[in-house]
Amino acid sequence: MPRFFVAFLLILALGSAVGARAQDAPSGPQGKLFIIGGGGRPPAMVDRMIAEAGVGESGYVAVLPMSSATPDSAFIWASEQFVERGVETVSFDFEKGETPSAARLDSLRHAPFIYISGGDQARFMGVVAGTAIEEAIHEAYRAGSLIAGTSAGAAVMSERMLTGDQRKHPEYTSTYEVIESDNIDLAPGLGLLTGVIVDQHFVARSRYNRLLTTIIEFPEVIGIGIDESTAILVQGHRAEVVGDAQVLVFENPDGSAERQNGKLGARRLRVDVYLPGEVFELGEGVDTR
């Protein structure tokens with residue numbers, strides 16, 4: 001057999017192998033999201049996070065406490081249940097405008113478990129938005145890390161997040177007293193999850209009006225309300241309810257919206273209430289990245 005023909009066959013075989021590997025390579029992020037609605041963390045929930053992240057006697061939890069006005073206290077609270085189980089925790093308390101060292105960013109990027117504390121989601125994004133810190137979180141998630149967050153740390157998971165404020169009513173209240181147009185205040189989040197807006201402390205604080213307003217004004221997203229001591233574990237397009245209470249999913253499949261004197265109306269909205277252990281699909285319009 002002529003040498004050039006043998007070489008040609010080898011090139012074809014190599015190309016086929018590379019193509020097969022590329023075809024078999026998983027697409028999208030390899031990590032998981034653990035989105036907690038605030039409140040206490042039941043022991044089984046903490047154990048589940050540790051198991052999903054694959055940390056124990058080896059590995060570490062990178063705690064990002066920047067949502068809190070008292071990050072040192074937030075780190076202690078976030079770490080306590082992990083430390084009790086022998087899991088190492090490390091504080092990554094970045095400051096706004098800080099240029100982190102390459103070594104610190106590398107440690108964050110390779111953390112198998114990143115945990116974002118509660119507090120104020122706008123404060124957190126004010127520190128990380130558009131920075132190498134944000135990119136390191138995304139790189140960790142793409143590579144297979146578990147990214148968890150509670151309360152404000154839950155809100156920041158989505159591409160657009162609720163700030164908790166109202167445009168028409170500047171005095172803060174724990175929920176919306178009305179369902180009206182041009183009132184909801186959204187801001188950019190981390191964007192680990194697109195097509196979704198997350199609300200927390202949901203049943204405990206009766207925040208139904210917030211997500212109803214959201215899906216009427218922004219029907220392209222689904223609203224997920226997570227109660228306290230409850231979480232969703234997200235992998236790909238699949239979400240599992242973990243914890244003690246319920247998760248409510250709000251959708252506006254027809255894009256229905258009516259306005260009258262500033263008030264919002266809609267028809268054929270969909271609300272599903274999921275219990276611990278139940279699994280639901282996030283839908284084609286939702287993406288993790």
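Me: What should I know before starting?
Reply: This is a predicted model, in which local features need pLDDT of at least 70 and side-chain atom pairs count only at pLDDT 80 or more, while totals for chains, interfaces and linings use all residues. Residues are numbered from 1 along each chain as its sequence is written, and side-chain values use heavy atoms, with hydrogens and water left out.

Me: How many helices and strands are there in the protein chain?
Reply: Helices (H or I, at least four residues) and strands (E, at least two) are DSSP runs, numbered from the N terminus. The protein chain has 8 helices and 18 strands.

Me: What share of the residues is buried?
Reply: A residue is buried under 20% relative accessible area, exposed over 50% and partly exposed in between, using a 1.4 Å probe and protein chains only. Here 48% of the 289 residues in the protein chain are buried.

Me: How do I read the order of strands in the open sheet?
Reply: Two strands pair if DSSP finds at least two bridges between them. The open sheet has 8 strands in the order S3-S2-S4-S5-S1-S11-S12-S17, and its pairing is mixed. At the edges are strand S3 (88-91) and strand S17 (279-281), each pairing on one side only. From one strand to the next, the twist averages 20°.

Me: Is S11 enclosed or open to the outside?
Reply: S11 is largely enclosed by the rest of the structure, because 5 of its 6 residues are buried.

Me: Which helices pack on the sheet?
Reply: Contact means heavy atoms within 4.5 Å. Axes are lines fitted to C-alpha atoms, for helices over the stretch in contact, and angles run from 0 to 180 degrees between N-to-C directions. Helix H2 (residues 43-53) packs on the sheet and touches strand S1 (32-36), strand S4 (113-116), strand S5 (146-150), strand S11 (230-235) and strand S12 (238-243); the direction of H2 makes about 165° with that of S1. Helix H3 (residues 71-84) packs on the sheet too, touching S2, S3 and S4, and its direction makes about 165° with that of S3.

Me: What is in the largest nonpolar core?
Reply: In soluble globular proteins, nonpolar side chains tend to be buried together. A nonpolar core is a set of buried Ala, Val, Leu, Ile, Met, Phe, Trp, Tyr and Cys residues joined through side-chain atoms within 4.5 Å. The largest one has 43 residues, and those with the most contacts inside it are Ile35, Leu64, Leu108 and Phe124. Helix H6 (residues 132-143) gives the largest share of this core, 5 residues. Apart from it lies another core of 21 residues, including Val46, Val63, Ala231 and Val242.

Me: Where is isoleucine 35, and is it buried or exposed?
Reply: Isoleucine 35 lies in strand S1 and is buried, with a relative accessible area of 0%. It stands opposite isoleucine 232 in S11. The C-alpha atoms of isoleucine 35 and threonine 150 are separated by 6.3 Å, although the two residues are 115 residues apart along the chain.

Me: How do helices H4 and H6 cross?
Reply: Angles under 35 degrees count as roughly parallel, over 145 as roughly antiparallel, 65 to 115 as roughly perpendicular and the rest as oblique. The axes of helix H4 (residues 102-109) and H6 come within 8 Å and cross at roughly 30°, so H4 and H6 are roughly parallel to each other.

Me: What about helix H5 and H6?
Reply: The axes of helix H5 (residues 121-128) and H6 come within 7 Å and cross at roughly 100°, so H5 and H6 are roughly perpendicular to each other. Phe124, Met125, Val127 and Val128 in H5 meet Ile133, Glu134 and Ile137 in H6.
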